[in-house]
Amino acid sequence: MPRSTTGEASSVADLSVPELYRYQGAIAELSQQGIAARDLYPFFDETARILQQTLAVDCVALWELLPNRSAFLLSAGQGWPKGVVGSYTIDGSHRSFTGYTLRLNQDRSMSSYEAVVVEDLRVETRFRASPLLHNRHLISGINVVIPTPKGPFGVLGVYSNASRRFTSAEANFLIVVSHILAAAIERQEDEAKLQLLERAVNASQNGILIIDALESSNPIIYANQGFETITGYSRQEAIGRSCRFLQGQDRQQPEIDILRQAIAQGQECNVSLRNYRKDGQLFWNRLHISPVHDNNGCLTHFIGIQTDITDYKQAEAQLRDSEARLQGIVSTISDGLLVVTPTGIIKFVNPAAERLFCRSKVELLEQYFGLPVAQGTATEIELTSPTGQLTMAAMRVVDITWEQAPAFLVSLRDITEQYRVTQALAESEERLEGVLGSIQDVVWSTAAVTREVLYLNPATAEVYGRPVTDFYQDPQLWSALIHPDDRLLMEYGLQSLLEQGHLEIEYRILRPNGEIRWLLRRARVVRDDEGNPLRLDGIDSDITERKLAAEQLHYSATHDTLTHLPNRLFFLNRLEHALQRHRRHPDFNFAVLFLDLDSFKVINDSLGHACGDLLLQEIAQRLKSCLRPEDTLARLGGDEFTMLIEEIHTIQDVVLIAERIHRALFRPLNLHGQEIFTNTSIGIATSHIFYRRPEDILRDADTAMYQAKAKGKACYVVFDQAMHHNAVLRLQRESSLRRALERRELELHYQPIINLDTGQLSSLEALVRWRHPEEGLIMPSHFIDIAEETGLIIPISQWILEEACAQTLALQAELSAWHDLTISVNVSSRHMRNRDLLEDIDRVLALTHLRPQSLKLEITETLLMDNLELATEVLLELRKRDISISLDDFGTGYSSLSYLHRFPINTIKIDRSFVSDMQPHSENAEIVRTIITLAHSLNLDVIAEGVETELQLAQLHWLACDQGQGFFFSPPIPGPLLSQTLRAKFIDHNPLRHLKSTPGYLWPNGSSPSRVDKLAEA
């Protein structure tokens, strides 16, 4: 029993029964709490509370000895000021009450520790009470050491404010409590050690198992987290099972038997096994088992340590594969390999070395090779075979370890062929230099970064006019010679070259004499193996002559060769720019003037084309003098000119220019001594937001010009909204006409042509009509001009020709009286100019099987006179095909009978204007009589158009006109009604049967010649 040091001790026998129960109850309660405590310091606090209550003291303190053992910390207590517990420290030396208590018991065993009892601290001489005790006015107290196997944990003390003589029973009670605290502290330390050990085991990457050796199945009774990580099984899934479950069905492993034998004999064992994770994946497990014996030496458990060596096994397999591949490479590599000792003796050769030396392995091994001193670089050596054949080889040497000794690995590469190629390359480069020196283009090469000139061929001096050495001495000279206006372009070009890898660009240079030359540069970037620009290579070709030719070609393409004015293409381009500018800046306004010379054709035909050309040149000069420098004058063709007047403010600005033009052209022009007077009709169109294309505003100016020409000569007209409305309607009609053929809206009407001698039907004229879905039946006068302008007249004419021929063939087959019936089809001027006209006719005749004699083509005088040579050529070809030709609307054009004999014409048609105004004794009657008489003299038939009255028929009949056509006989008949109408009007009916004798007043002098007399007179 520990002893107590008291001033006057009393025994336990002096305790009353209640005091004894109180002490025993406190000890029992503290013992239970000490066993259950998981955290010491709350337990320390509870102990202080119970002690204060049990011993009826003012203060209780648990002084914890700090690790440096030089001070105590008040770590728990009761009765102390707030904030003191957990922070207050006292000196650990023997000069303090607490330190004295520890010093007194330092050489004693735990069982002999004594309590230090002080009745009055105020007069104590063995030590000094701490300021904390004095401040609390504490007088009496007991201190006991809290023992642990490692040494004192601290001191437990109780203190009273009143002078008190503590009994030995109280001291012994306090010592018992100190031992309860010591037991709790020791248990906490043991649990901490166990927790640390478990954490260490679980922190291990190895799987650690404890296996019951006493059970026959050797079940697992413990597994750490490493086991879970390696196998994928949780500890709960593994405990109670044999380790054999990790092998799955893969039981045929030799090392399993080794493991079983070791377990049966209770021996330590190391094996490597194929195991399978929970997900079925194979892993290699290196298992080490150690037996565990109890104190009596009996085997109780096995400890197993698992290590996942899958990566090692895979690396081992890869190493074997690598060694096999290396051996294969060494055996098959084309380079000869030798291992040579520091003394020069050959220890290893591969098959390539045998072939290179032309000797076997046996012949080479242990032979002296020599000391390969050139390490790290390739050295060329000569090898001589037993037959004397010379081989060039590139040798490289590296240090290696061979059979645990230093050696050299010698690599020999056969470069015999390469050596020959190098020699041939040198010869090729010499030839290349000769070629590069003979070509006229500049061939160059520069460093990509520094622009240092690497190569220039001799042509450089010829192109640049400077010695080649100037460029080598000054790398910036190339940039300095670029034309100033092209330097920025070349900077962008260089950037593009570096980004895209190639470049083709045209630029100018300045030669020393100031001459400008155009060059075409084609360059590319040469890069190193890492893709970095290494070199710029290129060829510069002198394209000056080609540029000049291109500029001349461009000028010819955009200018009129006669007047040297801009042509239509140039003018439309400028007009397009003006339109775009007007869209961007609505305040910018401009006007287009369309000029057409008055009576130019008369001048051209009367004085000849040479004078006409001189007239156009003189007109061009006068027109230019009327414009400002920023305005544009162009010749569209023929006698048509256009002007673009920019920066106008009002329409009056343009009107003034038009009047200026008229004044300039009012003065006579002198051509070869002959004064010529001419002027021009001008159409004016001003800029407007609705214009989208240059052709549109030019068209409107042209429309206004025709309005001006209709007003008379030397007039101008400004295009207005009414004209625009008409133009829009015309555009809409053009669009509708383009679809009319597709929609089968066109139809043919046929007007009969009557033989005025017999009154019988002799021919039909095919007349086209347009059955518009909204406007109804449209006459050709309202759409043929549009078709001519747009070119739609070609497909329309082809359709008319095909339909008319097919209809005529059907009529001929229907009635024998119509067997010789002919069909007249009008030919447009555009179709005449089209070279496909003859092919179209041949195709239609072949398709419809109509006889050529049944087809008659009608052409106008204007068409003939505008295209004399072409018309003659085409008409002769038609006559060769036995196709008849009619001259339509005779008398309204040139009316020159002198031309008629030059053309292969069969018939002339007198225009309806003469027939409709023909009255007895009138001028028109005499004109008609003259035309008929002269036509018959040329063996031409005559058809009179517009016959509408019996009087007109009578006059034509007695004038011996061959045929007549007009509403008197029949209006044009729709195709579907043609056969029925012809039968009704002309089979049983003769339009001449009611014709009366012509009265005398029809002719001058009262005489009415008969047809016989008329023919005799002719």
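# Briefing: cores, sheets and selected residues

Leu855 touches Leu801, Cys805, Ile823, Val825, Ile841, Leu845, Ile883 and Ser884, not counting residues up to four places away in sequence, where contact means heavy atoms within 4.5 Å. This is a predicted model, in which local features need pLDDT of at least 70 and side-chain atom pairs count only at pLDDT 80 or more, whereas totals for chains, interfaces and linings use all residues. Residues are numbered from 1 along each chain as its sequence is written, and side-chain values use heavy atoms, with hydrogens and water left out. Helices (H or I, at least four residues) and strands (E, at least two) are DSSP runs, numbered from the N terminus.

**Nonpolar cores**

- The largest nonpolar core has 78 residues, and those with the most contacts inside it are Leu855 and Leu857; such a core is a set of buried Ala, Val, Leu, Ile, Met, Phe, Trp, Tyr and Cys residues joined through side-chain atoms within 4.5 Å.
- Helix H25 (residues 793-814) supplies the largest share of this core, namely eight residues.
- A second, separate core of 34 residues includes Phe43, Leu51, Leu55 and Leu156.
- In soluble globular proteins, nonpolar side chains tend to be buried together.

**Helix H33 and its packing**

- In helix H33 (residues 978-987), the residues Leu978, Ser979, Thr981, Leu982 and Phe986 are buried, where buried means under 20% relative accessible area, exposed over 50%, and partly exposed in between (1.4 Å probe, protein chains only).
- Seen down the axis of H33, its buried residues fall within an arc of 160°, so they line one face of the helix; the arc is that of the directions from the helix axis to the C-beta atoms.
- Gln980 and Ala984, on the other side of H33, are exposed.
- The buried residues of H33 pack against strand S30 (746-755), S31, H25 and strand S39 (973-974).

**Ser762 in strand S31**

- Ser762 is found in strand S31 (residues 761-772) and is buried, with a relative accessible area of 18%.
- A polar contact of 2.6 Å joins the side chain of Ser762 to the side chain of Gln963; the term denotes a pair of N or O atoms within 3.5 Å, and within protein one must be able to donate a hydrogen and the other to accept it, while residues adjacent in sequence count only if both atoms are side-chain atoms.
- Not counting residues up to four places away in sequence, Ser762 touches Ile753, Ile754, Asn755, Asp820, Leu821, Thr822 and Gln963.

**The sheet S14-S13-S17-S16-S15**

- Five strands form an open sheet in the order S14-S13-S17-S16-S15, with antiparallel pairing; two strands pair if DSSP finds at least two bridges between them.
- Strand S14 (346-349) and S15 stand at the edges, each with a single partner strand, so one side of each is left without a neighbour in the sheet.
- From one strand to the next, the twist averages 35°; axes are lines fitted to C-alpha atoms, for helices over the stretch in contact, and angles run from 0 to 180 degrees between N-to-C directions.
- Strand S15 (residues 379-384) and strand S16 (residues 390-402) run antiparallel and are joined by six bridges, with Ala394 in S16 as the bridge partner of Glu380.
- The hairpin of S15 and S16 has five residues between the strands, and Gly388 there takes a positive phi near 90°.
- S16 is joined to strand S17 (residues 405-414) by 10 bridges in the antiparallel sense, and Met395 stands opposite Leu412 in S17.
- In the hairpin of S16 and S17, which has two residues between the strands, Glu403 takes a positive phi near 55°.
- Five bridges join strand S13 (residues 336-340) to S17, antiparallel, and Val339 stands opposite Leu409 in S17.

**The sheet S19-S18-S22-S21-S20**

- Another open sheet has five strands in the order S19-S18-S22-S21-S20, with antiparallel pairing.
- Its edge strands are strand S19 (453-456) and strand S20 (502-510), each of which pairs on one side only.
- Helix H16 (residues 487-500) lies across S20, strand S21 (516-527) and S22, running at about 160° to S20, while helix H17 (residues 544-558) lies across S20, S21 and S22, running at about 120° to S21.

**Positive phi in loops**

- Glu366 has a positive phi of about 65° although it is not a glycine; Glu366 lies in the loop between helix H11 (361-364) and S15 and is partly exposed, with a relative accessible area of 48%.
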